[in-house]
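Biologist: I am new to this structure. Please show it to me, and then I will ask about the terms used for it.

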Amino acid sequence: MKYKSVFDIIGPVMIGPSSSHTAGAARIGRVARTLFGRVPKWAKIYFYGSFAETYKGHGTDVAIVGGLLDFDTFDERIINSINLAKEQGLHIEFFTETAVPDHPNTARLVIGDEIGEMELVGISIGGGKIEITELNGFKLRLTGHHPAILVVHNDRFGAIAAVSNVLSKYEINIGHMEVSRKEVGQMALMVIEVDHNIDEFILKEIQELPNITQVARVVD
């Protein structure tokens, strides 16, 4: 099987020693950077399970930081990413957790700056592939096999239909869609996987819809 997305190994070239503990970790960090939209000023990185036990030996720490700096899995700068982060003013803290996770290779990232912050939970499922299982308290399953958009919105009647109508207008096919909310009538999240990358002007049109508060995308 050939993988093309930012979540998957792009060919056999990557910084070792482990596809799950290193390449997968770099992917988690890079997705966090993509969704945050900029280099954060600080990051608190929590390791669970196998990540917590072996992160130093397998380079999971430098890999995640490299991802936060937008380095791909094969970028040799990953090896020196912690020092490069310091040079860019990115303050990093690592924590090991004893709680038993649903998956042994689990990391939770809390990143932010003076504008805002974001919390993301990712798991490395092997071969450099990952899944994002939580974003700012919302449960989700984002595999990255296809381009995707994430739409934060107020839980109001018609919000989902309005977004779907915009995608339909531009003949963008929805391959998979999940919607989650914390409480009825409060903030909610749409995760929409599509067949093709979505242009910026379409994202802007979605952003301007009623009850939409934030739109982010992950491209292949």
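Modeller: The crossing of H5 and H6 is right-handed. A crossing has that label if the near helix is turned clockwise from the far one by less than a right angle, and is left-handed if anticlockwise. The model is predicted, so local features need pLDDT of at least 70 and side-chain atom pairs pLDDT 80 or more, while totals for chains, interfaces and linings use all residues. Residues are numbered from 1 along each chain as its sequence is written, and side-chain values use heavy atoms, without hydrogens and water.

Biologist: What makes H5 roughly antiparallel to H6?

Modeller: The axes of H5 (residues 159-169) and H6 (residues 200-207) come within 10 Å and cross at roughly 155°. Angles over 145 degrees count as roughly antiparallel, under 35 as roughly parallel, 65 to 115 as roughly perpendicular and the rest as oblique. H5 is therefore roughly antiparallel to H6. The angles run from 0 to 180 degrees between N-to-C directions, with axes fitted to C-alpha atoms, for helices over the stretch in contact.

Biologist: Which residues of H5 and H6 meet?

Modeller: Val163, Val166, Leu167 and Lys169 in H5 meet Ile202, Glu205 and Ile206 in H6. Contact means heavy atoms within 4.5 Å. By class, this contact has five nonpolar, no polar and two charged residues.

Biologist: Why is serine 180 called buried?

Modeller: Buried means under 20% relative accessible area, exposed over 50%, and partly exposed in between, with a 1.4 Å probe and protein chains only. Serine 180 has 17% relative accessibility, so it counts as buried. This residue lies in strand E8 (residues 174-181). Leaving aside residues up to four places away in sequence, serine 180 touches Phe138, Lys139, Ala188 and Leu189. A polar atom of its side chain lies 3.5 Å from the backbone oxygen of lysine 139.

Biologist: Why is asparagine 154 called partly exposed?

Modeller: The relative accessible area of asparagine 154 is 27%, which means that it is partly exposed. Asparagine 154 lies in strand E7 (residues 148-154). Not counting residues up to four places away in sequence, asparagine 154 touches Ala159, Gln186, Asn211 and Thr213.

Biologist: How do you know that helix H3 is mostly covered?

Modeller: Nine of the nine residues of H3 (residues 60-68) are buried. Among them are Thr60, Asp61 and Leu68. Just after H3, aspartate 70 takes a positive phi of about 75°.

Biologist: What counts as a helix or a strand?

Modeller: Both are DSSP runs numbered from the N terminus, helices (H or I) of at least four residues and strands (E) of at least two.

Methods. Nonpolar A, V, L, I, M, F, W, Y, C, P; charged D, E, K, R; others polar. Polar contact = N/O pair within 3.5 Å; in protein donor to acceptor, adjacent residues only side chain to side chain.
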